[in-house]
Amino acid sequence: MEIEVLAKTSNHLAIKIKGEDHTLGNLLMKEALRHPKVAYASYRVPHPLREEIEFVITVQEGTDVGEVLREIVDKIKSELSDFKNAVEASIR
């Protein structure tokens, strides 16, 4: 996975994530839209034959977009860890 910053301001971030597809894009977007400080989040696949997505997030004025993105990623990691533990417990 390689990440390239396409645009960044204090409350807006657009990144290209190489080696990923709808799976990660949809997960990031949906979790971002659940965050109370996110004003807008979306992703797109610029070309169907390339494995890359572009993810865009805008947060409320006065909020650090980098911190919000870290919170979103931490929430996803926590939920996946909980899911992994539930799966492991159920198949023992």
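I take a residue as buried when its relative accessible area is under 20%. The model I am examining is predicted.

**Entry 1: strand 4.** I began with strand 4 (52-59) and asked which of its residues point one way and which the other. E52, E54, V56 and T58 lie on one side, while I53, F55, I57 and V59 face the opposite way. I noted that the side chains of a regular strand alternate between the two faces of the sheet. Both sets in strand 4 are buried, and I therefore recorded eight of eight residues as under the 20% cut-off.

**Entry 2: partners of strand 4.** I then looked up the pairing on either side. Strand 2 (12-18) runs antiparallel to strand 4 and is joined to it by seven bridges. Within this pair I found K18 opposite E52. Strand 3 (38-44) is also antiparallel to strand 4, with six bridges between them. Here V38 has V59 as its bridge partner.

Entry 3: I traced the strand order as 1-2-4-3, in an open sheet of four strands with antiparallel pairing. Why is one side of strand 1 and of strand 3 left without a neighbour in the sheet? Strand 1 (2-8) and strand 3 stand at the edges, and each has a single partner strand, so one side of each has no neighbour there. For the remaining pair, I listed six bridges between strand 1 and strand 2, which are antiparallel. A7 stands opposite A14 of strand 2 in this pairing.

**Entry 4: helix 1.** I next examined how helix 1 sits on the sheet. Helix 1 touches strand 2, strand 3 and strand 4, and its direction makes about 170° with that of strand 3. At its N-terminal end I found D21 as the cap, with a side-chain oxygen 3.0 Å from the backbone nitrogen of T23. I asked which residues of helix 1 are buried. They are L24, G25, L28, M29, E31 and A32. These buried residues pack against strand 2, strand 3 and strand 4, and also against helix 2 (65-90).

**Entry 5: helix 2.** Finally, I checked the placement of helix 2. Helix 2 lies across strand 1, strand 2, strand 3 and strand 4. Relative to strand 4, I noted that helix 2 runs at about 120°.

Note on methods: Residues numbered from 1 in each chain as written. Predicted model: local features only at pLDDT ≥ 70, side-chain atom pairs only at ≥ 80, totals over all residues. Heavy atoms only, no water. Buried < 20%, exposed > 50% of the residue type's maximum accessible area, 1.4 Å probe, protein only. Helix = DSSP H or I, 4+ residues; strand = E, 2+ residues; numbered from the N terminus. Contact = heavy atoms within 4.5 Å. Polar contact = N/O pair within 3.5 Å; in protein donor to acceptor, adjacent residues only side chain to side chain. Pairing = 2+ DSSP bridges. Axes fitted to C-alpha atoms, helices over the stretch in contact; angles between N-to-C directions.
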